[in-house]
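Reader: I'd like to go through this one with you, a few questions at a time. Could you walk me through the packing and the strands?

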Protein chains: 2
Amino acid sequence: MGKSYRQFCALARALDHLGDRWTLLIVRELLIGPCRYSDLRAALPGVATNLLADRLRQLETDGLVVRRELPPPAASIVYELTPLGAALDEAVYALVRWGAIWMVAGRDGETFEPRWLVVALRAFAGPVPADTRGTVDVLVEGVRIRVVVGGGAVDVALAEVPGGADAVVAGDAETVLSVAAGLLSFGGAQRQGRLRVTGNRGVARAVVDIFGLGPSPVNRVGGPPAVGE
Amino acid sequence: MGKSYRQFCALARALDHLGDRWTLLIVRELLIGPCRYSDLRAALPGVATNLLADRLRQLETDGLVVRRELPPPAASIVYELTPLGAALDEAVYALVRWGAIWMVAGRDGETFEPRWLVVALRAFAGPVPADTRGTVDVLVEGVRIRVVVGGGAVDVALAEVPGGADAVVAGDAETVLSVAAGLLSFGGAQRQGRLRVTGNRGVARAVVDIFGLGPSPVNRVGGPPAVGE
DNA sequence: CTGCATCCGCTTCGATACTG
DNA sequence: CAGTATCGAAGCGGATGCAG
């Protein structure tokens, strides 16, 4: 695998475990939820299968990931994060907030999985007022992401089944991302017809207001340099 | 350079710019302060000089770094971060907090630069009480790091000249790191003779208390997996 | 079908040497 | 001081094979 930087530095040590190609993207997938080998292959187009196997082995010996065999009827293997691996959440979210600067370029020819918005929404969630409560489903390309707010915390995850949400917000990925990052207002997105809201609009507004608040790099720095600059 | 992941995902986009070997370590050096080419080579043992040149070129065209020629007497070139590059601070600090878990292993055969503690101290700085004020110099292996606290903010930087600090804390890198990360108490470190404090001890205590507070991964998860586990 | 291992052409990395 | 040039070794991406 990748060579160690051999530096007594926490950043270098972190990169000794995460710096290899594909590793952090595997962690991203597992932050969304446990995955089978083939789930990972599908979500990571372009990864060589031996490389994926290598990375998973490395992550396992490093203690970031565990292999778990599902009970008999399924008879499959899932990979999931250990507490050590899950502790990467804040680092991933910080990278997502910075990387969002580069999302203005559009997605010509790139692959996209709506599930990735789970990570993006978590990344842009700000402090939660103690009295805000509610469940909002975000619907993008048929994938349902459930945002549950309550007790001063927010939980974002894939929703297995519809129903039970106070409101549903539907739109395309760019719009959802822009609103989450605070680059586009919730009201403005609705007025432009880019978001459709059904159910309890008060709850929807309150939950959406949790996002796009903090001084994330997207708001501080603006866009990437123009071409030719 | 590294191939793009071709994913419409902020993490993948970030890694498209930062994922190449050495890139984030170059950013780390520049977060400490502007560097000349030879400074970078010295701080990054093992980097091939053509690779360093490649990375700097890439960082420049990506808008994270600018080349600046120093005025005549010096007649040299320094690299420094643009606002876009400097916006990586939070991502780097988050990675440092996670990577600190792996710092228990000791530094056998690894290189170490005391200046790196500038980044570590920033990474572990917690919220600053509005009424805390003071300047503390941290002395490690002859390198002086100045921690200035006031107005609810903390600034950590290399100190060019001695003097002007309310207190001076001297010790080795492991001890300073442990105290900053909240794994070792300030008082305990002094009692064990691992830290020596001179000057105003009240200010020293107040400033040190800013560190090691937040629920960083080191405190939540503990150490890395034992060997053979 | 899932979960890998093997082989191969190509790119990238690391080390050294050399130049304005 | 600030890079460029070169070359062997390692890593990557893609295709294929194969056992459970």
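**Strands, helices and the core**

Author: Let's start with a strand pairing: B:R68 stands opposite B:V78 in β3(B). Keep in mind that this is a predicted model.

Reader: Which residue of strand β1 of chain B stands opposite B:V78?

Author: Strand β1 (residues 35-36) of chain B is joined to β3(B) by two bridges, and the two run antiparallel. The residue that faces B:V78 across that pairing is B:R36.

Reader: And how many bridges join strand β2 of chain B to β3(B)?

Author: Strand β2 covers residues 65-69 of chain B, and β2 and β3(B) run antiparallel. B:R68 stands opposite B:V78 there. The number of bridges joining β2 to β3(B) is five.

Reader: How many residues of β3 in chain B are buried?

Author: Strand β3 of chain B spans residues 77-81, five residues in all. The strand is largely enclosed by the rest of the structure, because the buried ones number four of the five.

Reader: Is α2(A) roughly parallel or roughly antiparallel to α1(B)?

Author: Helix α2 (residues 23-32) of chain A packs against helix α1 (residues 10-18) of chain B, with axes 10 Å apart and an angle of about 170°. Angles over 145 count as roughly antiparallel. So α2(A) relative to α1(B) is roughly antiparallel.

Reader: What kinds of residues make the contact of α2(A) with α1(B)?

Author: From α2(A) come A:L24, A:L25 and A:R28, and they meet B:L11, B:A12 and B:L15 in α1(B). Sorted by type, the residues of this contact are five nonpolar, no polar and one charged.

Reader: Is A:T23 buried or exposed?

Author: A:T23 sits in helix α2 of chain A. Leaving out residues up to four places away in sequence, A:T23 touches A:H17, A:L18, A:R55 and A:L59. Buried means under 20% relative accessible area. A:T23 has 3%, so A:T23 is buried.

Reader: How many of the residues of α2 in chain B are buried?

Author: Helix α2 of chain B runs over residues 23-32. Its buried residues include B:T23, B:R28 and B:E29. The helix is largely enclosed by the rest of the structure, because the buried count is ten of ten.

Reader: Which residues touch the most other members of the largest nonpolar core?

Author: In general, nonpolar side chains tend to be buried together in soluble globular proteins. B:W98 touches, among others, A:A14, A:L64 and A:L88, not counting residues up to four places away in sequence. The largest nonpolar core has 160 residues, and those touching the most other members are A:W98 and B:W98.

Key
Residues are numbered from 1 along each chain as its sequence is written. Chains are lettered from A and ligands numbered from 1 in the order in which they are written. This is a predicted model: local features need pLDDT of at least 70, side-chain atom pairs count only at pLDDT 80 or more; totals for chains, interfaces and linings use all residues. Side-chain values use heavy atoms; hydrogens and water are left out. Axes are lines fitted to C-alpha atoms, for helices over the stretch in contact, and angles run from 0 to 180 degrees between N-to-C directions. Angles under 35 degrees count as roughly parallel, over 145 as roughly antiparallel, 65 to 115 as roughly perpendicular and the rest as oblique. Contact means heavy atoms within 4.5 Å. Ala, Val, Leu, Ile, Met, Phe, Trp, Tyr, Cys and Pro count as nonpolar, Asp, Glu, Lys and Arg as charged, and the others, Gly among them, as polar. A nonpolar core is a set of buried Ala, Val, Leu, Ile, Met, Phe, Trp, Tyr and Cys residues joined through side-chain atoms within 4.5 Å. Buried means under 20% relative accessible area, exposed over 50%, partly exposed in between (1.4 Å probe, protein chains only). Two strands pair if DSSP finds at least two bridges between them.
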